[in-house]
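This report describes selected features of a protein model, with attention to aromatic side chains and the packing of helices. The sequence and the structure are shown below.

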Amino acid sequence: PAVRAGRLVVAGLMLRWLVPYGQTFYDTSCSFIRDSLSHPRIVLKRNSGAIVDDYREAYWWLRDHTPVDARVMAWWDYGYQIAGLANRTTIADGNTWNQEHIALLGLCLSSPVRQAHIIA
């Protein structure tokens with residue numbers, strides 16, 4: 001009984017001390033995450049000041065060097081960007097809900113080339 005009471009007192013003091021910090025952490029984290037996810041960037045700037053626009057250049061290469069009716073197999077994260085910037089149909093994008101489809105795509109993209117061609 002005395003040990004349990006001591007634990008309850010310690011837990012109460014910890015909660016009293018942590019709750020204000022928890023709310024601040026939650027507010028800051030949510031704001032940071034919301035802002036970073038609502039403004040995706042395909043052109044990045046390194047700490048050295050160098051501009052990295054590899055994604056944009058790759059999307060433009062797809063647009064300029066593939067047939068208009070081409071379908072692009074890429075991990076789903078890039079689906080909307082490929083559709084928007086390269087104007088090409090993708091196998092999967094952020095709205096692909098079929099988990100088996102995503103799993104098969106992941107298996108194909110992570111398999112050795114010969115096996116990936118068989119899967120595709």
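## Aromatic pairs and helix packing

Tyr21 has a relative accessible area of 52% and is therefore exposed, since the exposed class begins over 50%. The model considered here is a predicted one.

Tyr21 has an aromatic partner. In one of them, Trp17 and Tyr21 are tilted, with 5.4 Å from centre to centre and 55° between the planes. Both residues belong to helix 1 (residues 2-38), and because they are four residues apart there, about one helical turn separates them. Trp17, at 55% relative accessibility, also counts as exposed.

In the other pair, Tyr55 and Tyr78 are stacked, with 5.9 Å from centre to centre and 25° between the planes. Tyr55 is part of helix 2, whereas Tyr78 is in the loop between strand 3 (71-72) and helix 3, so this pair ties together parts that are 23 residues apart in sequence.

| Residue | Relative accessibility | Class |
|---|---|---|
| Trp17 | 55% | exposed |
| Tyr21 | 52% | exposed |
| Tyr55 | 39% | partly exposed |
| Tyr78 | 32% | partly exposed |

Helix 2 also takes part in a helix packing. Two packed helices are described by the angle between their axes and the distance between the axes. The axes of helix 2 (residues 54-65) and helix 3 (residues 79-86) come within 9 Å of each other and cross at roughly 55°. This angle makes helix 2 oblique to helix 3. The crossing of the two helices is right-handed. Helix 2 contributes Tyr59, Trp60, Leu62 and Arg63 to the contact, and helix 3 contributes Gln81, Ile82, Leu85 and Ala86. Sorted by class, the contact of helix 2 with helix 3 comprises six nonpolar residues, one polar residue and one charged residue.

A further residue of helix 1 is Val19. Val19 is exposed, with a relative accessible area of 52%. Val19 and Cys108 are 89 residues apart along the chain, and their C-alpha atoms are separated by 46 Å.

Terms used. Residues are numbered from 1 along each chain as its sequence is written. This is a predicted model: local features need pLDDT of at least 70, side-chain atom pairs count only at pLDDT 80 or more; totals for chains, interfaces and linings use all residues. Side-chain values use heavy atoms; hydrogens and water are left out. Axes are lines fitted to C-alpha atoms, for helices over the stretch in contact, and angles run from 0 to 180 degrees between N-to-C directions. Angles under 35 degrees count as roughly parallel, over 145 as roughly antiparallel, 65 to 115 as roughly perpendicular and the rest as oblique. A crossing is left-handed if the near helix is turned anticlockwise from the far one by less than a right angle, and right-handed if clockwise. Contact means heavy atoms within 4.5 Å. Ala, Val, Leu, Ile, Met, Phe, Trp, Tyr, Cys and Pro count as nonpolar, Asp, Glu, Lys and Arg as charged, and the others, Gly among them, as polar. Rings of Phe, Tyr and Trp (its six-membered ring) pair if their centres lie within 6.5 Å; planes under 30 degrees apart count as stacked, over 60 as edge-to-face and the rest as tilted. Buried means under 20% relative accessible area, exposed over 50%, partly exposed in between (1.4 Å probe, protein chains only).
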